[in-house]
Amino acid sequence: VGEEMTVSIVSLGVGLIVGYLGQRSRMCTIGGLRDFVLVRDTGLLKGVAALLLASWVTFGVLHAIAGSNLDRLWAAGTTPSGGWAVVAVLVGGLLLGFFATLSGACPLRQHVLAGQGRIGAWAFLAGFYLAGIVYTSWLEPHIGSWPI
Amino acid sequence: MTAGTATGGRESAWADLRIRAARWPRSPVFYGIVVAVVAAVAGQWVINPPAAYGLCSACHGRDLENWIINHVYGKSLFVTAAGSHWPLFTVVGVVLGSTLAARRNGELRSINIGGNVPQFLLGGLVMCAALFVGGCPTRIIIRTGYGDVAALITLVAIAGGIVAATVSMRWWARR
């Protein structure tokens with residue numbers, strides 16, 4: 001109890017806002033590009049662009065308020081540490097996009113679908129959280145902790 | 001406009017704006033702007049470290065379940081510094097917020113479209129890939145906005161994966 005509890009309350013509030021707006025707008029981060037490739041529909045793609053641009057602008061404003069880090073475009077310490085790291089990130093991203101598209105929605109959208117009653121989304125989440133334990137318990141020690 | 005607007009344009013303009021504002025939650029662009037601002041502010045001021053950690057379905061879900069396992073069974077699974085003292089309830093909030101929105105608008109109903117076993121397996125694969133690259137697609141976008149070079153590379157790779165999956169799904173459907 002105390003100041004540390006704000007993390008729980010704020011994260012619950014963030015989740016409620018995201019879940020409410022996600023249900024109303026049917027927003028999906030991988031759905032944007034998928035709909036564009038399939039039927040040339042740019043509605044969700046505009047949402048993805050808005051998410052990217054708005055977060056860029058907001059972080060710029062927040063950094064200006066904090067008075068830090070304005071002389072560089074890229075954040076320090078985020079560059080992959082060599083060629084193999086780039087390959088690993090590329091392969092991981094490729095698999096993430098591929099499997100998420102096959103499942104029909106990005107993970108956040110699956111949470112929203114589960115909330116509005118889609119049975120398949122609950123099956124997705126069951127595998128999702130089971131794999132979370134499997135990954136941190138058995139896979140991550142072999143791969144090594146990844147610089148995020 | 002009907003004939004009864006002689007009382008003044010201000011009320012009708014105000015009513016017009018209210019009708020438009022009621023439609024904003026339906027817009028993906030509105031979602032993008034609000035979610036980006038909320039996630040960036042929460043990540044910068046409350047939910048950190050790591051940086052740009054305001055919203056992520058994979059990492060926050062991993063933190064919550066590992067926090068529960070650590071506290072119930074006394075294990076020491078990996079939890080980020082942000083969610084180690086008190087748990088992160090973001091994923092719970094997303095499901096509850098979606099239920100609330102669906103209930104308010106009469107869209108809350110149980111739908112089974114089949115294919116639940118493949119969904120279960122794909123869920124596992126998506127979680128492993130997301131934890132490997134350090135975030136679900138939404139957090140990858142927010143991290144790119146933060147200025148993360150690795151996230152930008154990941155975003156390009158995710159786009160490639162989406163195009164590959166969409167094209168191959170269309171190919172399977174046409175066969």
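Modeller: Let's start with a term: buried area is the accessible area (1.4 Å probe) that two parts lose on being put together, summed over both. This is a predicted model, where local features need pLDDT of at least 70 and side-chain atom pairs count only at pLDDT 80 or more, while totals for chains, interfaces and linings use all residues. Residues are numbered from 1 along each chain as its sequence is written, chains are lettered from A and ligands numbered from 1 in the order in which they are written, and side-chain values use heavy atoms, leaving out hydrogens and water.

Colleague: OK, what area do chain B and chain A bury between them?

Modeller: The contact (heavy atoms within 4.5 Å) takes in 109 residues of chain B and 97 residues of chain A. Of the area buried, 76% is on carbon and sulfur atoms. The figure for the two chains is about 9500 Å².

Colleague: And which residues of chain B lose the most area to chain A?

Modeller: Three residues share that spot, and together they make up 8% of what the chain B side buries. They are Y31(B), W86(B) and F132(B).

Colleague: How many salt bridges are there between chain B and chain A?

Modeller: The cut-off is a side-chain nitrogen of Lys or Arg within 4 Å of a carboxyl oxygen of Asp or Glu. Over all chains, the search of the whole structure turns up six. Between chain B and chain A, the count is two.

Colleague: Which residues are joined into one network by salt bridges that share partners?

Modeller: R24(A) pairs with E107(B) at 3.6 Å, N to O; since R24(A) is in helix α1 (residues 5–25) of chain A and E107(B) is in the loop between α4 (90–104) and α5 (116–133) of chain B, this pair joins two chains. E107(B) also meets R26(A), at 3.1 Å, N to O, and that pair crosses between chains too, ending in the loop between α1 and α2 (31–39) of chain A. Elsewhere, R20(B) and D16(B) pair at 3.5 Å, N to O. The network joins R24(A), R26(A) and E107(B).

Colleague: Is R26(A) buried, partly exposed or exposed?

Modeller: Buried means under 20% relative accessible area and exposed over 50%, with partly exposed in between (1.4 Å probe, protein chains only). R24(A) comes out buried at 9%, and E107(B) is buried at 18%. R26(A) has a relative accessibility of 33%, so it counts as partly exposed.

Colleague: How many residues apart are R20(B) and D16(B)?

Modeller: Helices here are DSSP runs (H or I, at least four residues; strands are E, at least two), numbered from the N terminus. Both residues lie in helix α1 (residues 9–23) of chain B, with a spacing of about one turn of the helix. The separation in residues is four.

Colleague: How many residues of helix α5 (residues 107–115) of chain A are buried?

Modeller: The list includes R109(A), Q110(A) and H111(A). The helix is largely enclosed by the rest of the structure, because the buried count is nine of the nine.

Colleague: What is the relative accessible area of D63(B)?

Modeller: D63(B) sits in helix α3 (residues 57–73) of chain B. Beyond its sequence neighbours within four places, its contacts are Y53(B), V79(B), T80(B), G83(B) and L88(B). D63(B) is buried, at 0%.
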